[in-house]
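Trainee: I've got a chain to go through, and I'd like to know what stands behind each label. Can we take it term by term?

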Amino acid sequence: MIAPLPKILSNSEKVFDFVVNEGHGVKGLCDIGIQALPKQYIQPLEERITASIVRTDDSIPIIDASNWDDPKVADQICEAAQNWGFFQIINHGVSIEVLDNIKETSHRFFNLPTKEKKKYTKENSVSSNVRYGTSFTPEAEKTLGWRDYLSLVHISDDEATSFWPTSCRFVFLCIFLFLKK
């Protein structure tokens, strides 16, 4: 049973326990109806991005991957990652249908009950190739990241079918097999 919202939000330790230790994640905070961000998710003023360092370009980098073997593609990815932190890749060969399946499967996983998702946390996972969490190093972060993540590493088809969450196995295994072609 989930504690009432005011009790969870009453202090930083309770928020941390609810989100990280109990495995509810950031989605759990949203599901119980928070109206404002808990203070540990708000960056101190001195660490916030200022207008003087905000990029004013019209678009994030768009990288054409129709020729993966061209060294320019790798250079563009490195440059975009270094200067922007993210980018869009086009002409990568992955169909819209596959991308939609990834989104649908991800939503299916994150909508699982907390007890089911918690099986894949760092503390509980039977495989280092599957990780669910809300922050990469929450104990070390001054400001927690407003994200939940699911990390799947493909070592072998057998391991994928053994350890990956049931809700993800089929779609993600098909994607890995497609990408191996």
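Trainee: Among contacts in the chain between residues at least 6 apart in sequence, what share joins residues at least 24 apart?

Mentor: That share is 53%. A contact here means heavy atoms within 4.5 Å. Before we go on: this is a predicted model, where local features need pLDDT of at least 70 and side-chain atom pairs count only at pLDDT 80 or more, while totals for chains, interfaces and linings use all residues. Residues are numbered from 1 along each chain as its sequence is written, and side-chain values use heavy atoms, with hydrogens and water left out.

Trainee: How many helices and strands are there, and in what order do the elements run?

Mentor: The chain has eight helices and four strands. Starting at the N terminus, the order is α-α-α-β-α-β-α-α-β-β-α-α. Both kinds are DSSP runs numbered from the N terminus: helices are H or I with at least four residues, strands are E with at least two.

Trainee: Why is histidine 24 called buried?

Mentor: Its relative accessible area is 11%, and buried means under 20%, exposed over 50%, partly exposed in between (1.4 Å probe, protein chains only). So histidine 24 is buried. Histidine 24 sits in the loop between helix 2 (12-21) and helix 3 (25-31). Across the chain, buried residues make up 30% of the 181 residues.

Trainee: What makes the pairing of histidine 24 with threonine 114 a polar contact?

Mentor: The two side chains meet at 3.1 Å. A polar contact is a pair of N or O atoms within 3.5 Å; within protein, one must be able to donate a hydrogen and the other to accept it, and residues adjacent in sequence count only if both atoms are side-chain atoms. At 3.1 Å, the pair falls inside that limit.

Trainee: How do you know that lysine 27 and aspartate 31 form a salt bridge?

Mentor: Their N to O distance is 3.0 Å, and the rule asks for a side-chain nitrogen of Lys or Arg within 4 Å of a carboxyl oxygen of Asp or Glu. So the pair qualifies. Both residues lie in helix 3, four residues apart, about one turn of the helix. Lysine 27 is partly exposed at 22%, whereas aspartate 31 is exposed at 55%.

Trainee: Which residues form a nonpolar patch on the surface?

Mentor: Leu37, Ile42 and Trp146 do, with about 270 Å² of accessible area together. Patch residues need over 30% relative accessible area and no salt bridge; like charges are joined within 9 Å, nonpolar side chains (Val, Leu, Ile, Met, Phe, Trp, Tyr) within 5 Å. Tryptophan 146, at 39%, is partly exposed. The areas come from the Shrake-Rupley method with a 1.4 Å probe; for residues, only the protein chains shown count as cover.
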